[in-house]
Amino acid sequence: VQLQAFGGGLVQAGGSLRLSCAASGSIFSVNDMGWYRQAPGEQRELVAGIRRSGNAAYADSVKGRFTISRDNAKNTVYLQMNSLKPEDTAVYYCNAAVVLRYGLAETKYWGQGTLVTVSS
């Protein structure tokens, strides 16, 4: 199973970016998916998570600015980031809880990370 994240880049404060992350490989189903970020010298933190049903949760720091969504048919999760701030600068990682075959427990996988830089 591979998770490939796309969409990072350099943007000015107040701008927008959209991240996407697709899970590929021999997959039965994908349960929870999420986005984490890690700024230099900081610990990795949860930004937003979404259940297969579509129920989502957000870190307080991004509520009202970021929106997580998913396409279950494509095993893909998205993160729409609006009103970006310099403090949003970080490497963003996607995460997915994958069931490889019916009846097996889920296994969590990480994407390779994509850098988001917000200039002031």
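1. A disulfide is a pair of cysteine sulfur atoms within 2.5 Å. In this predicted model, Cys21 and Cys94 form such a pair, with an S to S distance of 2.0 Å. A search of the whole structure finds 1 disulfide.

2. Charged side chains deserve attention next. The structure holds 5 salt bridges. One of them joins Asp88 to Arg65, at 2.7 Å from N to O. Asp88 lies in the loop between β8 (76–81) and β9, whereas Arg65 lies in the loop between β6 and β7, so the pair ties together parts that are 23 residues apart in sequence.

3. Arg65 is buried, with a relative accessible area of 10%, and Asp88 is buried as well. Leaving aside neighbours within four places in sequence, Arg65 is in contact with several residues, including Gln80, Met81, Asn82 and Asp88.

4. Glu45 and Arg37 also meet in a salt bridge (2.7 Å, N to O). Here Glu45 is partly exposed, with a relative accessible area of 37%, while Arg37 is buried, at 6%. Arg37, Glu45, Arg65 and Asp88 are linked in a network of salt bridges.

5. A further salt bridge is formed by Asp60 and Lys63, whose closest N and O atoms are 3.1 Å apart. Asp60 is exposed, with a relative accessible area of 64%.

How values were computed. Residues are numbered from 1 along each chain as its sequence is written. This is a predicted model: local features need pLDDT of at least 70, side-chain atom pairs count only at pLDDT 80 or more; totals for chains, interfaces and linings use all residues. Side-chain values use heavy atoms; hydrogens and water are left out. Buried means under 20% relative accessible area, exposed over 50%, partly exposed in between (1.4 Å probe, protein chains only). Contact means heavy atoms within 4.5 Å. A salt bridge is a side-chain nitrogen of Lys or Arg within 4 Å of a carboxyl oxygen of Asp or Glu. Helices (H or I, at least four residues) and strands (E, at least two) are DSSP runs, numbered from the N terminus.
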